[in-house]
Amino acid sequence: MKQLLSFIKKEVLHILRDKRTILILLIMPVVQILLFGFAMTMEVKNIKVAVSYQYGDELAEKIIARISASEYFHIVQTINNPLDISSLFKKEKIDTIIIFSDEFSNEIHKGGISSVQIINDASDPNQASTVTSYISAIISSFQNEIAGSVQPIRINTELKMLYNPELKGSYNFVPGVMALVLTIICAMMTSISIVREKEFGTMELLLVSPMKPAYIIISKIVPYLIISTINLLTIIVLAVMLLDMPVRGSFMLLMGVSFLFIFVCLTVGIFISSLVANQAAAMLISGMGMMMPVMLLSGMLFPLDSMPKFLQIIADFVPASWYFTVVKKVMIEGQGLMDILKEITILTIMLAVLVIASVKKFKVRLG
Amino acid sequence: MVKVENISKTFKKVQALNDVSFHAEKGELFGIIGPDGAGKTTLFRIMTTLTIPDNGTVFINNRSIFNDYMEIRKNIGYMPGRFALYQDLTVEENLNFFASVFNTTIEENYHLIKGIYSHIAPFKNRKAGKLSGGMKQKLALSCALIHKPEVLFLDEPTTGVDPVSRKEFWDMLYDLKNMGITIIVSTPYMDEASRCNRIALIKNGAFIDVNTPKNIINSFNKTLIALKADNMRQLLKDVRKCSHIKSAFAFGAEIHAVIDNDNQIEDINNQIKNLNHKNIEIYRIPPAIEDCYIWSR
């Protein structure tokens with residue numbers, strides 16, 4: 001026991017002596033949450049709109065008033081000549097132009113048919129389609145109000161976005177950042193710290209000592225377990241306080257699943273360290289082999305359902321994709337233990353396989 | 001105490017060790033002498049249970065490296081050829097760590113390392129990476145000794161260390177030997193051989209000779225001469241062409257050559273004179289270990 005404690009103390013000293021790394025490890029999740037939460041938001045806000053309509057047109061003015069009342073749009077300009085559209089987009093940085101036909105109110109009052117043209121800067125297709133659907137929604141709700149009972153029967157689709165009515169991007173990013181940060185710290189840092197002993201020749205000394213291999217591994221794990229717990233709590237607190245993320249399910253369940261995932265990542269790190277001989281290789285494998293799949297195949301950036309089948313199969317082998325699903329279920333949808341049994345089972349099987357593989361791979365002698 | 005029997009080890013196509021055997025008694029200072037690449041480090045790794053040999057076996061105090069390796073690891077001290085301590089930990093932290101790895105404390109065995117550690121104690125709060133080469137070796141030796149090992153394995157402990165520190169280091173080994181610790185030490189420096197009780201000369205993975213340094217020198221049964229002149233490079237070429245000379249090698253500031261008997265010296269002197277060499281010196285010398293190594297077999 002004394003052996004183990006002094007080994008852990010040594011590991012903690014290594015981490016504390018390397019001030020730059022510890023700073024990065026503690027600040028990284030904060031920066032990522034702030035970046036993903038605020039800067040990299042996919043919600044549309046502050047859209048600059050220019051409008052073109054005949055002065056005094058009653059219905060057009062009402063619609064414009066509604067659009068400008070929405071928090072998403074700023075009417076910045078009224079244009080008279082719809083022909084210099086392209087210069088508007090280029091010089092004025094306008095995002096959207098709405099053009100009402102010349103006799104808009106009259107046409108509606110007379111025949112009930114008129115038209116509005118929406119021109120978008122579609123160089124960002126996501127934003128363009130979101131903006132279009134917002135504006136069409138405003139126009140169609142207005143249309144319903146002014147339509148009398150004489151109108152033919154129409155079926156209105158009513159959309160309801162469950163769990164995330166405002167379609168906040170952070171609901172997707174926060175679970176993603178949790179998976180990403182835990183992977184980096186647990187898998188990458190653990191593998192590097194074990195491989196460093198090999199590279200500097202100190203592993204040779206540790207092997208020629210009565211130190212049990214299990215002790216070596218436990219003492220490598222403990223400090224990163226602590227750091228990743230701190231990171232986990234930081235992320236959750238920031239997400240709740242700054243990004244208004246809910247924690248609808250049980251907090252203990254969330255932490256429990258997170259620890260399961262942390263242990264999976266730690267064993268991945270140990271397994272990687274048994275494969276390579278130097279720190280650069282460990283960094284490459286855990287960077288390319290772990291971080292990329294977490295970013296691309298967990299569902300954090302791109303929805304898994306729309307991926308080709310073989311990518312979905314690969315994603316099934318990425319622990320982060322299961323963790324990502326669980327966090328969303330527990331945090332956002334408020335589901336309980338019974339609803340996430342499948343994911344927990346899969347993560348547990350992964351952990352068991354990795355532990356067995358690492359134990360088999362760990363050498364009590366030099367390679 | 002250390003019994004090495006018919007060890008062979010091959011890495012891919014390179015035969016690192018070929019049928020190596022020796023015996024070291026308790027309290028003996030045993031040297032393994034040979035140049036880089038002769039197989040010394042491989043032999044050390046086999047003796048310290050880090051590598052498994054292809055053939056043969058090793059017993060450390062009657063414990064087999066195959067079955068009792070955990071027991072062996074508790075009772076040996078190992079200092080690898082490369083400085084392998086934690087560079088970001090201080091001198092004291094390193095020593096403390098290795099003491100606790102072996103379930104002991106600095107205080108318990110301080111008498112063992114006192115003579116060595118007292119040299120570096122003033123720097124105990126300095127990071128190990130910032131120590132000089134000689135101090136690093138002393139710290140590494142302290143760490144290898146802190147658990148009072150039965151046998152101490154030192155792989156090239158004096159490589160890259162200045163001459164003064166080297167001398168100090170060997171003096172320390174003498175003190176440890178006198179405390180009853182068996183020491184197996186390897187070195188590429190032939191001049192250090194004479195400080196061992198017995199030595200093994202290793203060449204291309206095989207032992208040439210195992211004996212006391214004195215006996216190895218006494219068994220050198222050739223007539224050895226040293227030659228000097230102003231133009232040493234030309235001299236070596238010319239000497240090799242002279243009659244009576246069996247073979248000649250440059251040895252620092254001299255050329256050493258083997259001849260049949262003393263009577264030929266005068267004749268060789270005349271031959272060299274005729275080749276216009278100036279300030280020629282030529283005389284009979286007693287062999288050193290390095291001569292024995294070069295002219296073995």
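A residue is called buried here if 20 or more other C-beta atoms lie within 10 Å of its own, exposed if 12 or fewer, and partly exposed in between, with C-beta atoms placed from the backbone. This is a predicted model: local features need pLDDT of at least 70, side-chain atom pairs count only at pLDDT 80 or more, and totals for chains, interfaces and linings use all residues. Residues are numbered from 1 along each chain as its sequence is written, and chains are lettered from A and ligands numbered from 1 in the order in which they are written.

Start with residues 91–101 of chain B, helix H3, where 9 of the 11 residues are buried. Helices (H or I, at least four residues) and strands (E, at least two) are DSSP runs, numbered from the N terminus. Among the buried residues of H3(B) are Phe97(B) and Phe98(B). Just after H3(B), select Asn103(B), which takes a positive phi of about 60°.

Now show both chains: 19 residues of chain A are in contact with 24 residues of chain B (contact: C-beta atoms, placed from the backbone, within 7 Å). On the chain A side, H1(A) gives the most, with 7 residues.

Finish with two loops of chain B. Glu156(B), between strand E7 (151–154) and helix H6 (163–178), has a positive phi of about 45° and is buried, with 21 other C-beta atoms within 10 Å. Asn276(B), between helix H9 (264–274) and strand E14 (281–284), has a positive phi of about 65° and counts as exposed, with 10 C-beta neighbours inside 10 Å.

How values were computed. Contact = placed C-beta atoms within 7 Å.
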